[in-house]
Amino acid sequence: MASKLLFLFTFFLFCLLAHVSSDIDIEDHQIQVVNGANRRLLAYVDCGGLCKVRCSRHSRPNLCNRACGTCCMRCKCVPPGTYGNREICGKCYTDMTTHGNKTKCP
């Protein structure tokens, strides 16, 4: 009887430790799943920090940050630097336009 209880307790402890270690692994690798026809895994992108750098020298930083944030959330990319290099993020970033057919992404 005591050996059964010891076995059950050990098994429960092992399961609990395995569950905790798998939670830690998930937190280290932040991946987002995109639903829809093009299901794929995308790495986490810090849109706030990247857009802050991108719009740091813009004449209207609040407007730039808002547009950049929208583009980053949709395309999961922000070009390096403060100006140019838009083609690095691909068609999603370069082809996004406003209602007035102006390029949206800074």
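**Disulfide links of the predicted model**

A disulfide, defined as a pair of cysteine sulfur atoms within 2.5 Å, joins Cys 51 to Cys 68, with an S to S distance of 2.2 Å. The structure is a predicted model, in which local features need pLDDT of at least 70 and side-chain atom pairs count only at pLDDT 80 or more, while totals for chains, interfaces and linings use all residues. Residues are numbered from 1 along each chain as its sequence is written, and side-chain values use heavy atoms, with hydrogens and water left out.

The link of Cys 51 and Cys 68 is left-handed, with -80° about the S-S bond. This pair links distant parts of the chain, since Cys 51 lies in helix H2 (residues 47–54) and Cys 68 in helix H3 (residues 61–75), 17 residues apart; helices here are DSSP runs of H or I with at least four residues, numbered from the N terminus. Cys 51 is buried, with a relative accessible area of 3%, and Cys 68 is likewise buried, with a relative accessible area of 0%. In these assignments, buried means under 20% relative accessible area, exposed over 50%, and partly exposed in between, computed with a 1.4 Å probe on protein chains only.

A further disulfide is formed by Cys 71 and Cys 105, whose sulfur atoms are 1.9 Å apart, and the link of Cys 71 and Cys 105 is left-handed, with -95° about the S-S bond. Cys 71 lies in helix H3, whereas Cys 105 is found in the segment after helix H4 (91–94), so the pair ties together parts that are 34 residues apart in sequence. Both Cys 71 and Cys 105 are buried.

Cys 75 and Cys 92 also form a disulfide, with their sulfur atoms 2.1 Å apart, and here too the link is left-handed, with -85° about the S-S bond. The pair links distant parts of the chain, with Cys 75 in helix H3 and Cys 92 in helix H4, 17 residues apart. The two cysteines of this pair fall into separate accessibility classes: Cys 75 is buried, with a relative accessible area of 13%, whereas Cys 92 is partly exposed, with a relative accessible area of 38%.

When bonded cysteines are counted along the chain, the disulfides of the protein chain follow the pattern 1-7, 2-5, 3-4, 6-12, 8-11, 9-10.

Methods
Helix = DSSP H or I, 4+ residues; strand = E, 2+ residues; numbered from the N terminus.
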